[in-house]
Structures are given as C-alpha cells and as structure tokens.
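This report describes selected features of one protein model. Please read it with the sequence and the structure in view.

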Amino acid sequence: MQAKKRYFILLSAGTFVVFLFYLGGLQFKASRNQSRRELHSSRNGLQHPGPEHYWPRFPDVLRPFVPWDQLENEDYNVHTSPRQKRDANASIYKGKKCRMESCFDFALCKKNGFKVYVYPQQKGEKIAESYQNILAAIEGSRFYTSDPSQACLFVLSLDTLDRDQLSPQYVHNLRSKVQSLHLWNNGRNHLVFNLYSGTWPDYTEDVGFDIGQAMLAKASISTENFRPKFDISIPLFSKDHPRTGGEKGFLRFNTIPPLRKYMLVFKGKRYLTGIGSDTRNALYHVHNGEDVLLLTTCKHGKDWQKHKDSRCDRDNAEYEKYDYREMLHNATFCLVPRGRRLGSFRFLEALQAACVPVMLSNGWELPFSEVIDWNQAAVIGDERLLLQIPSTIRSIHQDKILALRQQTQFLWEAYFSSVEKIVLTTLEIIQDRIFKHISRNSLIWNKHPGGLFVLPQYSSYLGDFPYYYANLGVKPPSKFTAVIHAVTPLVSQSQPVLKLLVAVAKSQYCAQIIVLWNCDKPLPAKHRWPATAVPVIVIEGESKVMSSRFLPYENMVTDAVLSLDEDTVLSTTEVDFAFTVWQSFPERIVGYPARSHFWDNTKERWGYTSKWTNDYSMVLTGAAIYHKYYHYLYTHYLPASLKNMVDQLANCEDILMNFLVSAVTKLPPIKVTQKKQYKETMMGQTSRASRWADPDHFAQRQSCMNTFASWFGYMPLIHSQMRLDPVLFKDQVSILRKKYRDIERL
C-alpha cells in the first residue's frame with residue numbers, strides 16, 4: 001500500500017511539472033508574438049498599446065494632475081484634431097486659462113486705486129436701454145473716472161448685452177469694432193457685460209467675438225466655462241429692471257408658521273423641441289393641482305402647433321386658470337428650472353417675492369457665487385432627481401424655511417433690486433480681488449447690511465463697524481467724541497457754544513471735544529475757551545463747507561460721535577441719557593430734534609415738515625449721536641454731486657446723513673426725550689429762529705428731500721413713533737430716586 005501511494009504521488013507531481021512547462025511555453029510564445037507585432041508596428045509608424053493595455057478599462061478615466069496653465073498646451077492635446085483647435089481658437093473661451101494673476105495688470109490699480117473708465121459712445125452706435133443703465137450706474141459711482149490714464153478697469157460703450165443673432169438688439173461687426181479700440185490690448189483689464197449669448201437651436205455661450213483676456217460679467221454662465229475668480233456670474237434681468245433703488249421685497253411680516261398657500265409653484269413656457277425641453281417637459285409628473293402647481297404652456301413661437309403633443313391642449317387650459325403673481329406671492333418655494341439658457345427671469349422674481357428658489361439648472365454658476373452663500377437662501381436641486389423635490393422641500397423644518405425667506409429679502413435688497421446694485425456688486429467683487437489684504441469676508445457679504453455698505457478701506461476688523469457688535473460679542477463704545485460745528489464768531493463769554501461746551505465736558509462718557517471752526521473770522525485765542533476736564537481740539541475747516549462736519553477726522557479717538565450745532569441747548573444729564581440709549585442701538589442715529597417727511601399728493605413730490613408730532617423719520621444732527629463710520633460713508637460713498645449741492649446751499653447736510661443711515665440700516669432713527677419746555681427754549685434762540693422761519697430755508701429742504709430720493713432711487717426714510725424716556729420719568733416718586741432727574745427741569 002505504501003509503495004502504491006508513493007507511485008501515485010510521484011505521478012501527480014510529474015504531471016504538474018509537465019503542465020507548468022506547457023503554460024510557460026504558451027506564455028513565451030505569446031510574448032514572442034507580441035514582440036514581433038510591436039516590432040512590425042514600430043517599423044510602420046504605428047503606436048503600440050504599452051503596458052497599460054493589460055489593465056482593465058474604466059468608463060471614467062482619471063485625468064492626470066497637471067497645473068491649470070498646462071492643460072491646453074500642444075504637448076497635452078496631442079490627439080486634438082486641427083478642426084477642434086480652430087474651433088477652440090474661435091471660441092470666446094480662448095483665454096480659458098485666464099486668472100487675475102495671469103491676465104490682469106495690477107500695476108494699473110496701484111497708483112490711483114480702483115477706477116473704472118467707460119469708452120465714449122461712438123457716433124451712430126445704438127445702445128439698448130439695459131446697457132445704458134449699466135453704463136450710467138458705472139458713471140454715477142465713486143469708481144468712475146473720465147481719464148483713461150487713471151483707470152484700472154475699462155468697460156466698452158459698445159452694447160455687448162444681447163449676442164443672439166436673431167435679436168433686434170444684436171450689434172453687427174462687433175469683432176472688428178472691438179479690435180479697433182486703441183486701449184483694447186487684447187482685452188486686458190477690460191470687463192465685458194453679457195446677458196444673452198448664442199442663438200437657436202443650440203444657444204451656446206459664444207458672444208460672437210474674441211474677448212481675449214477680458215473678464216466676463218455674464219448671465220447664464222456654466223460652471224464648465226466659468227473662470228473662477230476671474231469671470232463674474234450676474235443674474236438675468238429684464239429690460240424693465242429699475243436702474244436705481246428698486247422695489248422692496250414682499251416679506252412684510254415674519255409670520256409663524258412661514259408656510260404659504262402653495263408649497264411649490266412654477267409657471268412658464270414648455271419647449272417642445274431643442275435645448276431646454278427635457279426638464280420642463282417632465283414637470284407634469286410632479287404637478288398635483290393642489291399645493292404643487294407646475295404649469296407650462298406650449299403656446300409660444302410662430303409654429304408651436306406644428307410641434308404640439310398630446311398634452312399641449314390640457315396644459316394650456318390649466319396654465320390659463322392661475323394668475324402668476326398670485327401664485328408667486330402665495331407660495332413657499334418657487335421652482336427655477338433652466339430654459340433655453342441656464343439662467344431664468346424666475347430667479348429674481350422668486351427672490352423678491354420671498355419665495356425660496358428651488359434651483360433646477362445643473363451646471364449653472366449661480367449669480368455672485370464667489371461671495372454669496374446660496375445655501376442660506378435657496379434649495380439647490382438636481383434635474384436628474386426631479387421626482388424627489390416635493391418630498392425634499394416638505395422635509396425642511398419651518399425654522400429653516402423662515403431663515404431662507406428672510407435671507408432672500410436681504411440678498412434681493414442688497415444686491416439685486418436694481419441694475420445699479422448688480423453693477424456695483426460686480427465692481428466691488430473685482431476690487432476685493434485686486435486688494436486682497438482688505439477684501440471683505442463671507443460674513444460681510446452674507447449678512448446685513450451687505451458688502452456694498454461695508455467699505456474695507458475703513459477697516460479690516462469687523463469690530464470697527466457698528467453692525468457686528470452682537471455677532472462678535474463686542475460691547476458698544478463707552479466714550480464719545482463731541483464735534484461742535486461753529487459758524488459764528490466768539491464775541492461773548494455768555495454765548496450758547498461755550499455753555500454747551502461746558503455741559504458736554506462734564507459728561508462721564510465724554511472723551512474729548514472737537515470744535516470745527518467753520519467761521520469766516522479768525523480762530524479765537526486759547527484763553528477764550530473755558531477750562532475743561534477733557535481735551536478740547538479746535539480744527540479750522542479748510543473749505544468751511546457744511547459737509548466738512550462729517551469728514552472722518554483722524555483726531556477722533558472714539559467710535560461714537562456726538563454731533564452738535566453751536567447753538568444747541570443740552571444739559572449734561574441729557575447728553576448722558578442719549579448716549580446710554582445709543583449704546584443699545586449703535587447702528588442708528590439717536591438724538592433729540594426730530595423731523596418728518598410725507599408724500600404730497602397735490603404736488604406729487606416728497607414734503608418736509610418740522611411740526612412737533614408723535615411721528616418722525618429723521619433726527620437732526622444738531623444734537624445726535626451715531627457711529628463715526630457714517631462720517632467715512634458720507635465722505636466716500638455718497639457722490640460729489642449731492643455733497644456739492646449741500647455745500648452750495650449751506651443746508652440739508654443733516655437730512656442727507658439721515659437718508660444715508662436709513663438706507664444702510666433699513667431702520668428709523670431713535671428719538672429720546674428732552675427736558676420740559678424744550679420747544680420754547682430752542683425757538684427762543686436768536687441765531688436759529690430766523691433760519692427756521694426763513695421760507696427759502698424751508699423750501700430748500702423740501703427740494704433736497706426730492707433730490708436725495710431721486711439719487712437713492714427710492715425713499716429710504718422710515719417713520720417711527722417710538723420715543724425713549726428715562727426710567728421713572730413720569731412716576732410720582734421722589735426726584736432723588738430718578739437717575740436723569742434734570743430732564744424734568746429747564
């Protein structure tokens with residue numbers, strides 16, 4: 001038995017060895033044949049598969065990592081056909097490699113800062129109203145310069161907005177016209193605006209001319225063609241979009257629960273053929289006729305009946321049943337699907353209506369995506385998951401829905417409600433790219449009051465702005481600087497300005513007093529000013545104009561400013577109380593003399609009234625406290641035309657400051673109580689009584705109101721009936737128990 005086992009084992013081992021030799025022979029033969037094939041291929045100029053031939057082929061091959069600036073060189077695109085190369089060269093994205101570091105000349109911005117030059121309009125060239133509004137917004141901004149040698153950025157006067165060849169607004173021969181511009185320089189440091197590109201049936205993103213190294217501010221731009229931190233995605237807006245101001249959002253009350261009549265709505269065209277037809281053709285699967293209304297119509301275009309399908313008649317009938325605005329303002333979510341292009345007018349309509357946009361346009365680079373966090377204001381859907389959208393939005397908690405709706409209102413009013421805001425947002429983003437060391441962060445862009453009103457040149461620290469104290473846990477300033485505006489000569493020691501100076505200096509919150517001497521007479525000697533416990537700095541106004549009282553003087557050591565007219569009558573107690581109130585409202589104007597505005601139907605203009613009523617919308621800066629950042633905004637944000645008007649009239653500077661602060665905060669000022677018989681005391685002042693009684697002075701202020709409202713594009717002033725009094729002010733208790741007891745006295 002043992003012998004048989006040994007024979008069996010030897011036989012098995014021998015068989016296995018023979019089998020191995022056989023396999024080796026086959027492999028060797030295969031390798032020899034492969035070598036012959038490779039030799040034959042090389043002799044005939046053919047390429048062999050190489051070692052990777054033996055690895056499995058995956059459908060999505062990972063591309064090798066190479067720097068972005070090497071992706072399109074000749075070595076990398078060895079398999080690109082000549083035709084493909086020609087097409088790429090003819091494309092607007094010939095400069096797809098462009099970034100700020102490679103295609104922008106920063107040196108032009110170092111000398112004069114961020115200045116924008118608009119080419120003069122060429123004779124005979126037609127410009128659509130929308131593009132005229134864009135150019136007007138640039139020319140009316142603080143960035144504009146009429147001197148090209150001072151410019152950092154250049155904008156064409158040739159209308160590039162509508163590049164659809166079938167459009168009546170299409171500008172022909174644009175390529176040659178652009179190339180003939182002597183400052184073009186292959187588009188370097190240029191910004192090109194575009195709303196519509198391509199034409200039927202493909203609607204590509206080609207604008208019809210080579211933009212070279214120019215930046216593109218474009219609507220409906222795809223993430224594929226978008227050059228990050230070089231191009232800017234702007235919203236698609238209609239020709240009726242207001243140039244300035246714009247309507248407010250429609251979220252009037254923060255209602256709980258935030259749900260509306262309809263959960264999800266859409267009303268628009270259904271494309272039967274061509275690009276954009278897939279998504280909208282599938283919406284009927286989600287429409288339930290109750291709280292999800294997704295209505296489409298085939299009835300558009302000249303020959304829609306030739307292509308209509310079995311659903312068209314039913315869809316058209318359902319479409320006519322509902323009013324679009326009624327749906328829009330009574331829906332919680334609004335679907336924003338792609339149309340012929342990626343962008344849609346429905347986007348801005350939903351934002352304004354406080355209807356949370358549900359984006360259904362795969363590959364769309366959302367407007368101002370570089371700075372706006374759209375996850376705070378919209379639901380980003382996927383066209384491939386259309387059927388899941390209703391269940392997805394139903395799962396969103398009501399608290400989140402309210403937060404989304406509130407953010408739509410902030411974004412609408414901050415960046416999208418007018419052409420001017422869209423343009424200024426575009427320019428501010430570019431400026432942040434150029435001056436990275438003082439660029440705005442995400443919090444500033446996505447939180448009230450937004451990037452347009454927070455100028456980083458003022459400070460790079462959020463705690464230096466009055467809007468972010470609560471977010472940062474920073475306490476409001478504990479001291480103020482008093483700025484007294486003096487315009488009359490100092491002839492007597494009993495003048496109101498000296499009494500005011502003494503009263504303010506006694507305040508426990510006063511850090512210093514600045515007297516702005518805007519009088520034509522020489523500065524009084526130092527001994528004429530009373531001795532005080534706080535430093536008194538006298539500054540002689542260089543131009544002696546009204547706006548100089550709002551200059552951001554370096555002498556100010558505090559963030560809080562107590563602005564005073566020389567003839568204001570205030571006690572130390574009143575100053576202390578007003579400042580403690582301001583510490584609770586550091587972003588607003590807090591003070592004593594209040595005024596109001598009204599709409600005059602007979603004259604169809606804004607009116608101004610100084611009547612003492614319970615209703616007010618302004619607190620005059622003759623006795624008011626506010627944050628010194630508003631001095632910087634007044635000086636650097638407002639246009640020279642408004643400040644020149646104020647200086648020429650020597651009037652209205654206080655109204656203009658109220659307009660500015662209300663436009664930024666979207667809130668009214670705060671009036672604090674004054675001592676008894678305050679009205680009679682003020683009206684008895686000789687220096688001011690004549691001015692208040694002067695009909696020309698009053699008429700000027702009426703005129704100022706309307707000029708200011710015209711520049712802002714709307715009336716920013718907000719009415720209020722709130723007046724803050726000291727604790728126990730009217731209680732019948734001992735005067736000794738009252739903290740601000742002097743307010744009850746003259």
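## Two packed helices

The axis of a helix is a line fitted to its C-alpha atoms, over the stretch in contact. Two packed helices are described by the angle between their axes and the distance between the axes. In this predicted model, helix α5 (residues 129–139) packs with helix α14 (residues 419–434) at an angle of about 60°, and their axes lie 9 Å apart. That angle makes α5 oblique to α14. The crossing in which α5 passes α14 is right-handed.

## A buried helix

The buried residues of α18 are T572, T573, E574, V575, D576, F577, A578, F579, V581 and W582.

## The largest pocket

The largest pocket holds about 970 Å³ of space. Its lining has 29 residues, of which Y203, K269, Y271, H300 and R340 are the closest to the pocket centre. The elements that contribute two or more residues to this lining are β8 (262–269) and α8 (304–307). By residue class, the lining of the largest pocket comprises 11 nonpolar, nine polar and nine charged residues.

The largest cavity has a volume of about 70 Å³. Which residues line the largest cavity? They are G245, G246, E247, K248, E413, S417, K421, K666 and Y714.

Technical notes:
Residues are numbered from 1 along each chain as its sequence is written. This is a predicted model: local features need pLDDT of at least 70, side-chain atom pairs count only at pLDDT 80 or more; totals for chains, interfaces and linings use all residues. Side-chain values use heavy atoms; hydrogens and water are left out. On a 1 Å grid over the protein atoms alone, a cavity is a set of points where a 1.4 Å probe fits but cannot get out, and a pocket is an open set with protein on both sides within 12 Å along at least five of seven lines; lining residues have an atom within 4 Å of a point. Grid points are joined across faces, edges and corners, and a volume is the space filled by probe spheres set on the points. Buried means under 20% relative accessible area, exposed over 50%, partly exposed in between (1.4 Å probe, protein chains only). Helices (H or I, at least four residues) and strands (E, at least two) are DSSP runs, numbered from the N terminus. Axes are lines fitted to C-alpha atoms, for helices over the stretch in contact, and angles run from 0 to 180 degrees between N-to-C directions. Angles under 35 degrees count as roughly parallel, over 145 as roughly antiparallel, 65 to 115 as roughly perpendicular and the rest as oblique. A crossing is left-handed if the near helix is turned anticlockwise from the far one by less than a right angle, and right-handed if clockwise. Ala, Val, Leu, Ile, Met, Phe, Trp, Tyr, Cys and Pro count as nonpolar, Asp, Glu, Lys and Arg as charged, and the others, Gly among them, as polar.
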